[in-house]
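Me: I've got this model open and I'd like to learn how to read it. Can you take me through it one feature at a time?

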Amino acid sequence: MTRSLTVLLAGTALVGLVATANAANNSAAPLKNGVSQVGITLTGDNGGSCVLSHSAAKAGPVTFSVTNKTATGITEIELQSDNRILGEKENLAPGLPTVSFTLTLGGGKYQIYCPGARQETVEFTVTGEAAAAPSGSTADIFATGTKGYAKYVNGVVDDMMTAVDRLKTDIDAGNLPQAQADYARARPFYERIESSVDGFVMPGFKATDNAGNLDYLIDMRASNLDQKVGWHGFHAIERDLFQNKQITDETKKLAAELQKNVKLLDQVTRSLNYKPEDLANGAAELLEEVQRTKINGEEESYSHYDLIDFAGNVEGAQQAFAFLEPGIKKIDPDLAKQINDRFAVVLKLLDGYRDSKAPGGFKVYTAEMKTSDGAKLGRSIQALQEPMSKVAEKVATASK
Amino acid sequence: MTRRTDTRRPHPAAQLSRRGLLVGAGLGTAGLAAAHATPAIPNDQDVVDLTRRYPFYGKAEQAGIRTPPQRYVFFMTFDLTTNERSGLQLLLARWSASIAQLMKGETIGQVEPQRANGVGFDTGEALNLGAASLTVTVGLGPKVFTTAYGLAAQTPLLFRELNTLPSDALKPAFTGGDLSLQACADDPQVAYHAIRDLARIAKDTGTASTRWAVMGFGRASAGKGQSTPRNLLGFKDGTRNIKDDADFDRFVWVKDGPSWTRHGTYQVVRKIKMDIENWDTDRVSDQNNVFGRHKVSGAPLTGKNEFDTPKFAQAGEDGKPVIPDHAHVRLAAHENNDGLKILRRSYNYTEGINEVGLLDAGLLFIAYQNDPAHFETLQAKLGSSDALNEYISHIGSAVFFAPPAPHVGSYIGEGLFV
């Protein structure tokens, strides 16, 4: 098979392509309208080959045109410099049309990375002037995004403090209906930012000690209790308000504790610094949260306000992604578009469950609704989870 | 680097047999084996070889249709979520490339990426399990051939939704789909892994979402060179299945219509629930009359051996037909249906215990034919008169077109996008 393929390739080869694995023409790539033209051909030869038409180009704009002829095990390629991704193409498969990307490259050594090829990295040289020090590099854009995200988190925690103050006032007054409504209104804030939970540990406590873990103290569900530390936070209050339907001294104590812990959270979040991949991993974790505890109705097992939390998680994920989006658009505009499209589908689906009269703005997630709509909701999140899971790797390897 | 280099090495337990002991006796002492009434050495295709591979690319039909049925199936249907023709092309091309990898027993990409923030391409649970005769067969459902993708003009000549048939008790949860994947293998984890990773590609590319799925744990149809297996009612299933090339040409492969459909075939899938507990307490004479065959030998009630031709006209001493009027074999037989035959490639399935405490099990019936009407003709008759209907119900249904195999460098259905 290898033999006949080699013959076939030679017959239809790009100009200058030598049909031997990875052996490119060493002369500089030809220019077309001032842009160097480099062909990259993927074949199944020799266990998967990534062949360049030219292994060198003059400094300046370079267009890479990628064709997957017969490589079933290679679906993406990247142009790298010092292990940083400068550009890439995904979704390559035999039979699909040639795709291309253009970058302006300064003189130096580059690598074409073809995961799945027998030889995964192919050297590429650009001759001429070294590139001017980049301004507004992708990494800078991401760094700006993390600062924006930190502000967003602080704003959410501020809103949470206000909402929790109101909930505590209702509980102190013994006003059950008002407390139930304000419980719903207080919920979405935490759900928007809960992915940063790793950082929500109070100073002086071990990471494994739930007594110092604000995520545990604020949002723990009955299903994951640590008997040593006891039950605190939103869901213990939820049980009193929606199952026992009684405000007791214990409820008031829980509300006071929650108010105190949310204030502590405010202090902790103000000191947090985020790396770009934290935002990406956080967005992915929020989507996991939707899948793991909202669609099955576990999060709000007494009030059934799961759709409020669902919307909160999605909003948080969308915000985190939005701060990365300008950089992702530079690296992989197709992925940015895909994620935005999938967010749009989820938000449109969620719109169908809005109820302006209900506290928190969403219908109650009943057992019947879970049975009839759970799979549909879950699938919309699955379609967002897969592309979102790719973002962290991209931002962590963005060019400096 | 996750490329596997050890897949050609035979697995220590590669040579397994359903009748392993008899194989041993047969190979060692032919004389002893000959003394047994049953053949000592099973047919070649009954021996499980976990290193066996089938080619994905080809010049005729897809693998997994004529291929002698493997032991396990994982079948899944999908809803298209892309509105773009290019999205459908992307999915079929990514699936094709990955299926080519999987059928070789290789991963579809990295399992453990080098970068800490990377996410694995391949989920990894089939590492080192071998190809295990994996075939993945792709089916295109009704939505593909619509104006939505500009493909209405390319519709296979006889493709359409199935008519409602007698005794249909279809549930939306097990019905329909825009695409189907039938993964068959001699190791269930290999079949499961294939579908799982292909479903991930559907989500990752934003082109399709999962719809319904059935895991089949035992083959209930024989191919050429295989002895006839049994369905969960304990009867041999598919004794008179299509096996010869002439019958494949006549009844299975599409010959007319758009040129891209040559060597294609229509895939009909039915999820058939069996009332196992009721069947198990039915007297054996009634069970035999329901099928028109003897339970153990598989022989028609008018014969002695499995492959004896049923004598439908033969009457007993009471003057009644020996094979009853409502017997399954009588209603389904080609002699009584103007010579009509369909290729069956079914699997027994179980989904545990149902909500009222009964065994939830049955037959994932998969048939291939060159006209969906052929299935309808037979099922219309069975659905209205088959004695078996007391113990089964058709709760799921879908119809797809299985395009021909792609050639190297192409993908399944590429000819559709002219």
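Me: How many Å separate the centres of domain 1 of chain A and domain 2 of chain A?

Reply: Some ground rules come before that. This is a predicted model, where local features need pLDDT of at least 70 and side-chain atom pairs count only at pLDDT 80 or more, while totals for chains, interfaces and linings use all residues. Residues are numbered from 1 along each chain as its sequence is written, and chains are lettered from A and ligands numbered from 1 in the order in which they are written. Now the domains, whose bounds come from an automatic or database domain assignment: chain A has domain 1 (2-127) and domain 2 (138-200 + 259-396). Taken over C-alpha atoms, their centres are 41 Å apart.

Me: At what angle do α3(A) and α5(A) cross?

Reply: Two packed helices are described by the angle between their axes and the distance between the axes. Axes are lines fitted to C-alpha atoms, for helices over the stretch in contact, and angles run from 0 to 180 degrees between N-to-C directions. Helices (H or I, at least four residues) and strands (E, at least two) are DSSP runs, numbered from the N terminus. Here α3 (residues 176-193) and α5 (residues 234-244) of chain A cross at roughly 150°, and their axes come within 10 Å. The crossing is left-handed (near helix turned anticlockwise from the far one by less than a right angle; clockwise would be right-handed).

Me: Which residues make that contact?

Reply: Two residues are in contact if their C-beta atoms, placed from the backbone, lie within 7 Å. On α3(A), they include Leu176(A) and Tyr183(A), and on α5(A), Phe234(A) and Leu241(A) are among them. By class, the contact has 7 nonpolar, 1 polar and 2 charged residues (Ala, Val, Leu, Ile, Met, Phe, Trp, Tyr, Cys and Pro are nonpolar; Asp, Glu, Lys and Arg charged; the others, Gly among them, polar).

Me: How far apart are the axes of α3(A) and α8(A)?

Reply: They're 7 Å apart, with α8 at residues 306-331 and an angle of about 35°. This crossing is right-handed. Arg187(A) is one of the α3(A) residues meeting α8(A), and Arg187(A) also belongs to the α5(A) contact. The classes here are 5 nonpolar, 3 polar and 5 charged.

Me: In chain B, which strands pair with β6(B)?

Reply: Strands pair if DSSP finds at least two bridges between them. β6 (residues 208-219) pairs antiparallel with β3 (residues 72-80) over 8 bridges, including Phe78(B) with Thr210(B). β6(B) also runs antiparallel to β9 (residues 347-353), joined by 3 bridges; Gly218(B) partners Asn348(B) there.
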